[in-house]
Amino acid sequence: MKRSIGIIGSGPTALYVLKNIADNRSLISTVITTIYITEKQAHAGIGMPYSEKYTELCNMSNISSEEIPLLSQSLASWLKEQPEEALKGLEIDTDKISETIVYPRLVLGQYFKNEYEYYKSLLENANIKVVELCNAEVIDIIASETIQEFELVIKDKDSITCNNVIIASGHEWIYEDNTQIGYFASPWPITKVLPEKGTYDNYTVGILGASLSAFDVVSSLSRRHGDFKKQGGKIEYIPDAHTESFTIVMHDFNGWLPHLQYEQKEPMREVYRHVTKNVLQDLLDENGFLGLDTYFNLVCKPALRKALYNDDLIDVVNQLQNDNFGFLDFVAVMTEKHEYPDPFKGMQDELKEAQKAITKEQPIYWKEVIDDLMYTLNFHAELLSAEDHYIFNKEVMPFLLNVIAAMPLESAKIMLALHEKGKLSLKKGAVKILTLNSDDAKETCIEVENEKIAYKKFIVCSGQKSISLKNFPFQSLVQSGKIRAARSKVENIKKMYNLIENESQFNLIKNKKKWYLKLKGIDVSANFQLIDVAGKLVPNAYDLSFTHMSGLRPYSFGLQSCELTSRIVVEDVINSFTGK
């Protein structure tokens, strides 16, 4: 029987789905006759973070060509083929194109578009019809109760019916701006947070967050109020006249600035670089759990000791020899090495070291090793108990995000140039927004460490949040019981109660005498297949959106995860019709 696949979204995740289908096209074309691709924007194949609608040329990516999972050709190879005039428009020096350089997001968008068209053509040449629908927002998915079929309901357009559905919808910003008080729930599209042409934000702008999306706002806003001038290896900020009162304050709970881009020996992550799947299975306890402490002690410690020895961090190597030195101890020690009384002075010192290391092609081994180890754990996170899920998300993830979401060195120079001119500062502490639902307020008022601060413009740049079932975009799947909230089995209910205390965002649920912790997002299998309310797999329905399943897979972000999750899903689709 001939079948069809519907892919929701056309960004990098969908691109890697197409690539993996194309790589298996001789087999897949015997079963799949049509692939529908729906894209809510006007142009397919780019993705929100890389689109001209959402970003601009000064907004940098944080991944080099050598770190992008291979498509038909690398980003650097593709750039070398582009006309000189096109490269000039992208502010790229033809003679300096490199696999290790970090390029603007718009550059990646054009590259992804080219690769998307290439794989579409491969599929069409294999007699698989590709139907692309742009300006086509899928607002619901209705699963048939009688046959293996899904109806994709498209806003203001006819529905599509397909046998397989792959949700690859990427970012979703579900909270609304309140422009009356100058509050922006996200920085995208970047143009919405910028002053109108010919005007200035001649006041203090507040930003929630201090990582990469926060820097995008800092970069774009500062260029509307001045210029950057290169002087040798340094950058100086020259403010425009009449912008004396323009400043930016970033708010970060821990008072951290991001770690910086680092040289890597192995730029591509691998799930089984430091441990095999069989060894992981052997580490399970009598209840079938992979303990976080067990994983750290038996898998992480040996790899980290070797890496840290190569980094000449002998003090940490010695601590790792101690049996009582656990994962959270490691997090605390490595965090302390990155914490400074003055975070900008700390960034300046780290910048000097990073530049030396990159010039000498000297990797920072421990960072890429911890990245690999957490990548492995992420794709086996269903083996963790609820207690370990809770600890990992609350205590470990903030540290990991700060380490791995590394800032390009040129971006760090811009931040330092702004700070030097008194235009950029960082404030530590938890932020509570006070005026969000006020009808008469004219500014966004926040509270930090018992201090109240008012901003004429306040921009939330704290990253993409996982959605709840009520915010899931395809509500017919919720109402028909085809999806359920993500969950993890509790090992010891007393220990779990002691961990969560009265935190309302974490819910304990009981099912057949077993306790579960409700996680953020929806439940999916190890193959990213939807799981229904009865705990059964929903045939031929997959969700690859990080926004939807980050509760279960908290570390599956970035292009390398897009490629791996896509490969896993396509293999599962193939197995479903070959009977494996």
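D23 counts as partly exposed, at 45% relative accessibility. This residue belongs to a predicted model, and it forms a salt bridge with K19 in which the closest N and O atoms are 2.6 Å apart. A search of the whole structure finds 25 salt bridges.

**Salt bridges within helices**

- K19 and D23 are four residues apart in helix α1 (residues 12–23), and are therefore separated by about one helical turn.
- K19 is buried, because its relative accessible area of 12% falls under the 20% cut-off.
- In helix α14, E410 and K413 lie three residues apart, about one turn of the helix.
- The side chains of E410 and K413 meet in a salt bridge, with an N to O distance of 3.0 Å.
- K413 counts as buried at 12% relative accessibility, whereas E410 is partly exposed, with a relative accessible area of 35%.

- E420 and K234 form a salt bridge through their side chains, at 3.4 Å from N to O.
- E420 lies in helix α14 (residues 409–420) and K234 in strand β13 (residues 234–239), so this pair ties together parts that are 186 residues apart in sequence.
- E420 counts as exposed at 52% relative accessibility, because exposed means over 50%.
- K234 counts as partly exposed, its relative accessibility being 47%.
- Side chains of opposite charge can pair when their charged atoms come close.

- I167 is found in strand β9, which covers residues 164–167.
- With a relative accessibility of 1%, I167 counts as buried.
- Leaving aside neighbours within four places in sequence, I167 is in contact with I8, I141, F472, F474, Y542, D543, L544, S545 and H548.
- I167 and W256 are 89 residues apart along the chain, and their C-alpha atoms are separated by 34 Å.

**Negative charge on the surface**

- A patch of negative charge on the surface gathers E84, E85, D93 and D95.
- D95 is placed in the loop between α4 (84–89) and β4 (102–104).
- D95 counts as exposed, at 73% relative accessibility.

**Backbone features**

- Most residues other than glycine have a negative phi, and most peptide bonds are trans.
- E91 has a phi near 60°, a positive value in a residue other than glycine.
- The place of E91 is in the loop between α4 and β4, and this residue counts as exposed at 68% relative accessibility.
- H242 is not a glycine, yet it has a positive phi of about 70°.
- The loop between β13 and β14 (247–252) holds H242, which is exposed, with a relative accessible area of 60%.
- W188 and P189 are joined by a cis peptide bond, with omega about -10°.
- P189 lies in the loop between β10 (183–184) and β11 (204–208).

Key: Residues are numbered from 1 along each chain as its sequence is written. This is a predicted model: local features need pLDDT of at least 70, side-chain atom pairs count only at pLDDT 80 or more; totals for chains, interfaces and linings use all residues. Side-chain values use heavy atoms; hydrogens and water are left out. Helices (H or I, at least four residues) and strands (E, at least two) are DSSP runs, numbered from the N terminus. Buried means under 20% relative accessible area, exposed over 50%, partly exposed in between (1.4 Å probe, protein chains only). Contact means heavy atoms within 4.5 Å. Patches are made of residues with over 30% relative accessible area and no salt bridge: like charges are joined within 9 Å, nonpolar side chains (Val, Leu, Ile, Met, Phe, Trp, Tyr) within 5 Å. Accessible areas come from the Shrake-Rupley method with a 1.4 Å probe; for residues, only the protein chains shown count as cover. A salt bridge is a side-chain nitrogen of Lys or Arg within 4 Å of a carboxyl oxygen of Asp or Glu. Lys and Arg count as positive and Asp and Glu as negative; His and the chain ends are not counted. The place of a charge is taken as NZ of Lys, CZ of Arg, CG of Asp or CD of Glu.
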